[in-house]
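Subject: Structure handover

Hello,

I am passing on the structure that we talked about, together with some notes for when you open it. Please have a look at it first and then read on.

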Amino acid sequence: MESTLTSKMASFTLPPFSKGPESYSQEYATSLDAQDPLRDIRKEFIIPTIDDTHTKRIADSSTVQALSGQVKSRSGEECTYLCGNSLGLQPRRTRDYVQRYLNTWAIKGVNGHWQNLEDGDYRPWVDMEEDLKPQMAKIVGAQTGEVAVMETLTANLHLLMASFYRPTKERYKIIIEGKAFPSDHYAVQSQLHLHHLHHSEALVELSPPEANSSLLPTSYILSVIDAHADSTALLLLPGIQYYSGQFFDIRTITAYAQERGITVGWDLAHAVGNVPLELHDWNVDFAAWCNYKYMNGGPGVIGGLFVHERHGKVAEPTEGSSEVSEEALGFRPRLSGWWGSEKSVRFRMGSQFTPLPGAAGFRLSNQSVLDCTAVLASLSVYGQTTMQDLRTKSLHLTAYLEHLLFSDAPGEKSSDRPYSLITPSNPEERGAQLSLLLKPGMLDFVQAELEAHGVIIDERRPDVIRVAPAPLYNNYTDAWRFTKVFKEACKKALEAKNGH
Ligand SMILES: Cc1ncc(COP(=O)(O)O)c(C=O)c1O
């Protein structure tokens with residue numbers, strides 16, 4: 001397939017940044033911002049002010065007052081938001097999109113589903129997916145028909161496993177990582193239980209082979225696949241590991257497992273909108289993601305899934321057959337709902353399910369238009385660039401952050417550094433996130449100091465903080481400011497610990 005991610009604009013490269021003493025200054029960060037070809041996309045987002053992060057009353061926020069027209073412009077310095085791996089910031093245009101949805105609902109009621117309105121380039125609600133799908137497909141490197149915007153991540157993993165995890169007496173195991181996101185553990189275990197399989201026998205967990213490392217090298221993953229090749233039905237891995245930030249070699253791992261008869265699915269929560277993906281060309285069987293992290297759709301917003309085109313085909317059923325096979329039914333067995341059925345028959349209220357071809361045929365319910373509206377607003381921001389260009393900036397920005405954190409600025413000694421990097425230092429093996437392991441007992445103090453200075457990151461107890469410069473809206477000054485506040489916080493934490 002021709003890459004859907006190829007930039008329509010001329011792609012850019014960024015010059016290597018200086019590693020000299022000047023690189024630690026704020027002026028240098030400002031100069032990098034000035035050279036960033038994507039810098040204006042930041043203006044598409046509402047960056048909270050430091051006061052916003054501290055206020056206890058929405059009405060007191062000058063950002064809210066400015067957005068509602070009470071004041072002309074807001075006051076105060078912007079915060080340093082490096083938490084897009086958890087919840088992305090609000091695109092400015094989301095407000096207009098949602099307002100339009102509310103207005104349509106207010107004046108049209110049910111007819112908002114079907115009626116074309118002349119003002120604005122929007123479709124009626126039932127046709128929204130015609131806008132959502134191609135834009136979402138670009139982000140994950142899929143054909144339009146291979147993606148659906150639907151449900152939520154854990155629900156989608158269940159729906160996909162219901163169809164793709166079909167254990168037999170010989171092949172019944174599921175391989176996941178031992179440190180998989182808890183929801184994935186629960187989902188996989190419950191799928192095993194529903195097939196009368198106990199997880200102590202049917203679940204294979206990958207654990208980092210090296211002590212003192214959270215990473216799972218590809219060679220190790222392939223060796224575990226080999227060890228369980230004949231008895232494994234499904235391999236389910238994250239595209240990017242939520243804790244370590246490791247970006248897995250999706251293409252190699254998928255091909256290797258599939259050659260051994262294993263179905264391969266990916267949880268892309270931390271990869272979607274963060275790194276370029278080529279799900280179609282990598283021949284991935286299925287994948288699911290959420291749209292609230294790097295995708296900026298809002299907390300708990302509707303998610304997405306990918307089903308490779310070869311699994312979404314719909315043919316005539318075998319007449320008179322009572323067999324329950326893909327061939328006899330004419331489609332892959334799945335958990336079905338009316339929104340997965342052919343649009344032309346959806347409102348005829350028949351009882352015979354005929355799925356739409358592709359990922360759309362895996363949908364259950366009518367989608368929340370409010371959610372889809374927010375996702376569409378966010379996708380239209382992505383439409384201003386490409387995943388390749390975002391990756392170029394992301395690699396540069398993350399490398400700069402790593403430089404500020406791990407090279408010796410004037411007066412610093414690496415032996416004094418009370419933190420280390422658990423994310424791979426190879427840029428190809430990570431996305432926009434650096435996870436830092438602090439010395440024991442520092443986390444609460446450091447976190448409180450960061451918050452006091454309006455620096456938003458997230459923590460994973462007992463000792464890790466995750467710092468995610470999202471290339472859509474973060475800049476080099478964010479990396480610089482985080483490092484400054486963080487290093488001072490570490491120094492104070494150590495002094496407090498040592499009783500100074
Ligand atoms: C890797 C991963 N998997 C699954 C989930 C669960 O997502 P949801 O609550 O949308 O089902 C998350 C949520 O952050 C996650 O990071």
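A nitrogen atom of the ligand is found 2.7 Å from an N or O atom in the side chain of Asp267, and please keep in mind while reading this that the model is a predicted one.

An unreviewed UniProt entry lists residues 130-327 as "domain: Aminotransferase class V". In the model, this span is 31% helix and 16% strand, and its end C-alpha atoms are 29 Å apart.

The other thing to look at is a pair of helices. Two packed helices are described by the angle between their axes and the distance between the axes. For helix α4 (residues 92-108) and helix α13 (residues 369-382), the axes come within 9 Å and cross at roughly 145°, and the crossing is right-handed. On the α4 side, the residues that meet α13 are Arg93, Thr94, Tyr97, Val98 and Tyr101, while α13 contributes Val369, Leu370, Thr373, Ala374, Leu376, Ala377, Ser380 and Val381. Sorted by class, this contact of α4 with α13 consists of nine nonpolar, three polar and one charged residues.

Best wishes

Terms used
Residues are numbered from 1 along each chain as its sequence is written. This is a predicted model: local features need pLDDT of at least 70, side-chain atom pairs count only at pLDDT 80 or more; totals for chains, interfaces and linings use all residues. Side-chain values use heavy atoms; hydrogens and water are left out. Axes are lines fitted to C-alpha atoms, for helices over the stretch in contact, and angles run from 0 to 180 degrees between N-to-C directions. Helices (H or I, at least four residues) and strands (E, at least two) are DSSP runs, numbered from the N terminus. A crossing is left-handed if the near helix is turned anticlockwise from the far one by less than a right angle, and right-handed if clockwise. Contact means heavy atoms within 4.5 Å. Ala, Val, Leu, Ile, Met, Phe, Trp, Tyr, Cys and Pro count as nonpolar, Asp, Glu, Lys and Arg as charged, and the others, Gly among them, as polar. UniProt positions are given in the numbering used here, feature names are shortened, and annotations may be inferred rather than shown by experiment. A polar contact is a pair of N or O atoms within 3.5 Å; within protein, one must be able to donate a hydrogen and the other to accept it, and residues adjacent in sequence count only if both atoms are side-chain atoms.
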